[in-house]
Amino acid sequence: MEETPAHLTAKPSWLLTQVAVHAHRLATEGFGGVGARGYHYRILAALDEFGVSSQAELGRRCNMDRSDVVAAINELAEQGCVERTPDPDDRRRNRVHLTPAGRRHLRRLDRALDAVQDDLLEPLSAEDRQTLTGLLTRLLAHHQRP
C-alpha cells in the first residue's frame, strides 16, 4: 500500500472493499478447484440448513437473482446434487431437495472454503479472527435492518 494515498488507507470502507476483492478471488479459486462456484455453495448450504425450499425462497435466503438461482440449480441438478419436484400446492413452483450426493459435495465445498478462510486470514490469530467475524457480523446486521 506504499503508493496508495493515506486518505484511502485510513478509511475502513476502502480497506473492506480491497479485502473483499481478495476474498472473492480466493473463494472463486477455491471453489473452482473442486469444480464449483460460489452460487453452488450458497444453494447447497441453504438446503442443508433449512431443508426443501422453493427456488424463490433460495433466491431470498442466498441473496441471489432469480436467473442465477435457476442456472445454479440446473448445474447442481445435472451433477445429481439437487432434485426439483413440482410443489403439490402450486404446480407452477418447484421444490428443491438436497440429495446425498449434494450433501457430500457441500462437505467438499466446506473444506475448500475453510482453506480459503485460512489463506485470507493468515496474518490473524484465532482470537483476532473471531473478533473480526463478530465485528463484520454486527456491521452487516446493522445495514440489513429493514
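1. Helix 4 gives the largest share of the second largest pocket's lining, four residues. That pocket holds about 200 Å³, and its lining splits into four nonpolar, four polar and four charged residues. Helix 5 and strand 3 also supply at least two residues each. (A pocket here is an open set of points on a 1 Å grid where a 1.4 Å probe fits, with protein on both sides within 12 Å along at least five of seven lines; lining residues have an atom within 4 Å of a point.)

2. A word on the source: this is a predicted model, where local features need pLDDT of at least 70 and side-chain atom pairs count only at pLDDT 80 or more, while totals for chains, interfaces and linings use all residues. Residues are numbered from 1 along each chain, and side-chain values use heavy atoms, without hydrogens and water.

3. Ser54 is one of the residues lining that second pocket. Serine 54 sits in strand 1 (residues 53-54) and is buried, at 6% relative accessible area (buried means under 20%, with a 1.4 Å probe and protein chains only). Leaving out residues up to four places away in sequence, Serine 54 touches Arg93 and Asn94 (contact means heavy atoms within 4.5 Å).

4. Now look at helix 5, residues 66-78. Its buried residues are Val69, Ala72, Ile73 and Leu76. Among what covers them are helix 3 (38-50) and strand 2 (82-87). Glycine 80, with a positive phi near 80°, follows helix 5.

Notes. Expected span 1.5 Å × (residues − 1). Buried < 20%, exposed > 50% of the residue type's maximum accessible area, 1.4 Å probe, protein only. Points joined across faces, edges and corners; volume = space filled by probe spheres on them. Nonpolar A, V, L, I, M, F, W, Y, C, P; charged D, E, K, R; others polar.
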